[in-house]
Amino acid sequence: GVIEDVVVDHGHRAKGHGKLLIEWIVQEFARAGVKRVFLESGRANRSAHRLFHELGFETVSEVMVRDL
C-alpha cells in the first residue's frame, strides 16, 4: 500500500491527529491484506520522520529529483 499526500493543517499539528490518521490507514491496509506500506516525506520534515519511525516505518531509500 502507498500513503500519499497526507497533510495535517498547521493549526492541528502536534496534537496526535497525524498519528491517529496514519494508524487508521495502516490498520485498513492490514485488514485488506496488504503486506507492506510505503510512504515518503520531504527531507526537511523531521517531525514527520520521527512520527513515522515511532509508528514502525524505517528508511529504506532516498528519492532523487531534478527540475528542468
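Visitor: In this predicted model, what makes the pairing of Glu-54 with Lys-19 a salt bridge?

Guide: The closest N and O atoms of Glu-54 and Lys-19 are 2.9 Å apart, and the criterion asks for a side-chain nitrogen of Lys or Arg within 4 Å of a carboxyl oxygen of Asp or Glu, so the pair is called a salt bridge.

Visitor: How do you know whether Glu-54 is buried or exposed, and which class does Lys-19 fall into?

Guide: Glu-54 has a relative accessible area of 54%, and the class "exposed" begins over 50%, so Glu-54 is exposed. Lys-19, at 30% relative accessibility, falls between the 20% and 50% limits, and therefore counts as partly exposed.

Visitor: How many salt bridges does a search of the whole structure find, and what qualifies Glu-28 and Arg-31?

Guide: The search finds three. For Glu-28 and Arg-31 the N to O distance is 3.7 Å, which is within the 4 Å cut-off, so these side chains also meet in a salt bridge. Both residues belong to helix α1, where, being three residues apart, they are separated by about one helical turn.

Visitor: Why is Arg-31 called exposed, and what is Glu-28 called?

Guide: Arg-31 reaches 59% relative accessibility, a value over 50%, and so counts as exposed; Glu-28, at 30%, counts as partly exposed.

Visitor: Which residues make up the largest nonpolar core, and what do the helices supply?

Guide: That core has nine residues, among them Ile-3, Ile-25, Phe-29, Leu-51 and Phe-57. Helices α1 (17-31) and α2 (46-54) each supply at least two residues of this core.

Visitor: Which residues does Ile-25 touch, not counting those up to four places away in sequence?

Guide: Under that condition Ile-25 touches Ile-3 and Val-6, and Ile-3 is itself listed in the core.

Definitions and conventions
Residues are numbered from 1 along each chain as its sequence is written. This is a predicted model: local features need pLDDT of at least 70, side-chain atom pairs count only at pLDDT 80 or more; totals for chains, interfaces and linings use all residues. Side-chain values use heavy atoms; hydrogens and water are left out. A nonpolar core is a set of buried Ala, Val, Leu, Ile, Met, Phe, Trp, Tyr and Cys residues joined through side-chain atoms within 4.5 Å. Buried means under 20% relative accessible area, exposed over 50%, partly exposed in between (1.4 Å probe, protein chains only). Helices (H or I, at least four residues) and strands (E, at least two) are DSSP runs, numbered from the N terminus. Contact means heavy atoms within 4.5 Å.
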